[in-house]
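Here are some exercises to work through with the coordinates open. Try each task before you read its solution.

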Amino acid sequence: MKSFIGVLLSCLSFILVDISDCYNVIYPSQILAQSYAQRRNDANPSNSRLSQRTLNPAATDSHCRSRPLDLIFIIDSSRSVRPGEFEKVKVFLSDMVDTLDIGADATRVAVVNYASTVKIEFLLKDHLKKGSMKHAISIIEPLAAGTMTGLAIKKAMEDAFTEQSGARPKSQNITKVAIIVTDGRPQDQVEEVSATARASGIEIYAVGVDRADMRSLKLMASNPLEDHVFYVETYGVIEKLTSKFRETLCGVSPCKIGHSCQHICVGSGMSYYCKCRPGYVLNEDKRTCSIGRDGGRDGHTDGAGNGHDDGDNDGESSVKLKVEMVQDPCHCEARLAFQSQTLNSIQALNGKLADITKKVEQVERMMSRK
């Protein structure tokens with residue numbers, strides 16, 4: 001009898017393992033993410049090996065390697081940023097470091113801390129390994145008092161983005177990026193110094209939290225603003241931006257990551273802009289297209305209606321499509337994929353249960369003979 005119970009428990013363990021294996025593939029959120037990732041990778045044959053990739057922000061994606069950057073975080077630690085909130089900013093910075101390739105020939109990171117005064121916490125050349133960099137972030141202390149954002153940008157441009165501080169020379173064509181995190185209104189002028197920084201080749205992202213002044217964020221950030229200005233309601237959810245920046249700083253064309261262009265997506269550095277197929281004109285939203293008398297003749301589509309243009313023209317731009325391809329707002333494709341995989345999983349589970357039933361019956365017959 002004990003052997004029978006042992007066999008039965010063993011069978012039940014197999015059932016539980018089989019059930020868990022089946023349910024790993026039928027969560028609707030996972031199917032939606034896989035469907036999105038699959039459509040994106042199908043557009044790029046070189047990414048075919050990533051067909052099982054999901055877009056789970058909580059997981060570190062080892063396949064998505066950031067391009068080499070000289071990256072400086074400019075963080076507000078004025079009096080309005082409470083100690084607990086400042087700790088969340090440091091967690092955000094640490095999470096960002098985890099998503100990047102850190103190294104002398106990869107991405108270098110510096111941190112500029114500011115309030116009424118500005119302090120460079122560490123330079124681009126100081127930490128070339130994640131462990132030491134994350135430790136340096138963990139011991140940063142807030143400065144309190146005012147919000148001299150313009151002064152912080154100027155300090156970063158003149159003292160931190162220099163070759164002496166670890167920035168690569170222009171000849172290496174390494175992108176320079178500044179990410180500003182603030183929750184208030186600057187107490188100095190930011191428009192002119194930001195324009196000077198952008199003109200020097202620094203791409204600026206502005207992250208506003210809670211009481212941040214949106215007008216100031218727009219004055220600081222690079223164009224297009226919709227790709228460089230972010231806002232979160234509290235510091236408690238700032239970590240949600242980690243996945244957004246991971247995709248933005250990833251070495252994949254932004255048009256391959258996903259875009260909102262109705263017709264043609266054109267990669268431009270780490271951002272993109274939209275164009276229309278011949279016979280159409282771009283609407284004011286800079287995303288959708290309307291039928292026009294004289295559409296542009298630049299760019300091509302990929303056959304699915306979501307075009308992309310990475311600088312080469314293979315002659316398809318002269319083809320006019322009579323049928324408009326629209327986005328799938330109801331995610332019908334994903335629902336069908338979910339239904340199909342659910343059905344397959346149920347059928348597989350039924351097969352496993354039938355096999356287990358036969359084994360149990362065989363054990364019962366063996367026991368009855370004894």
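A nonpolar core here is a set of buried Ala, Val, Leu, Ile, Met, Phe, Trp, Tyr and Cys residues joined through side-chain atoms within 4.5 Å. Buried means under 20% relative accessible area, exposed over 50%, and partly exposed in between, with a 1.4 Å probe and protein chains only. Keep in mind that this is a predicted model: local features need pLDDT of at least 70, side-chain atom pairs count only at pLDDT 80 or more, and totals for chains, interfaces and linings use all residues. Residues are numbered from 1 along each chain as its sequence is written, and side-chain values use heavy atoms, with hydrogens and water left out.

**Exercise 1. The cores**

Task: find which residues of the largest nonpolar core touch the most other members, and which element supplies the largest share.

Solution. Step one: the largest core has 33 residues, and Leu71, Phe73, Ile179, Val181 and Phe245 touch the most other members.

At least two core residues each come from β1 (69-76), α3, β2 (108-114), α4 (130-138), β4 (175-182), β5, β6 and α9. The largest share, six residues, belongs to α3.

Step three: zoom in on Phe73. Leaving out residues up to four places away in sequence, Phe73 touches Leu93, Met96, Val109, Ala110, Val111, Val112 and Ile179, where contact means heavy atoms within 4.5 Å.

Step four: look for another core.

**Exercise 2. A covered strand**

Task: work out how many residues of β2 are buried, and which strand joins β2 through seven bridges.

Solution. Start with the count: seven of the seven residues in β2 are buried.

Now for the neighbour. Two strands pair if DSSP finds at least two bridges between them. β1 and β2 run parallel and are joined by seven bridges. One to look up is Leu71, whose bridge partner in β2 is Val109.

**Exercise 3. Aromatic rings**

Task: count the aromatic pairs, then classify Phe92 with Phe245 and Tyr205 with Phe230.

Solution. First, the rule: rings of Phe, Tyr and Trp (its six-membered ring) pair if their centres lie within 6.5 Å; planes under 30 degrees apart count as stacked, over 60 as edge-to-face and the rest as tilted. That gives four aromatic pairs.

Phe92 and Phe245 have ring centres 6.4 Å apart and planes at 55 degrees, so this pair is tilted. Phe92 sits in helix α3 (residues 83-99) and Phe245 in helix α9 (residues 241-249), 153 residues apart. Phe92 is buried at a relative accessible area of 1%, and Phe245 is buried at 0%.

For Tyr205 and Phe230 the centres are also 6.4 Å apart, but the planes are at 15 degrees, so the pair is stacked. Tyr205 is in strand β5 (residues 202-209) and Phe230 in strand β6 (residues 229-232), so the pair ties together parts 25 residues apart in sequence. Tyr205 and Phe230 are both buried.

**Exercise 4. Disulfides**

Task: count the disulfides and decide whether each is left-handed or right-handed.

Solution. With a disulfide taken as a pair of cysteine sulfur atoms within 2.5 Å, the count is two.

Cys261 and Cys274 form one, with sulfurs 1.9 Å apart. The torsion about their S-S bond is about -80 degrees, so this disulfide is left-handed. Cys261 lies in the loop between α10 (254-257) and β7 (264-268), and Cys274 in strand β8 (residues 271-275). Both Cys261 and Cys274 are buried.

Cys276 and Cys289 are joined at an S to S distance of 2.1 Å. Here the torsion is about -95 degrees, so this disulfide is left-handed. Cys276 is buried at 7% relative accessibility, and Cys289 at 10%.

Terms used:
Helices (H or I, at least four residues) and strands (E, at least two) are DSSP runs, numbered from the N terminus.
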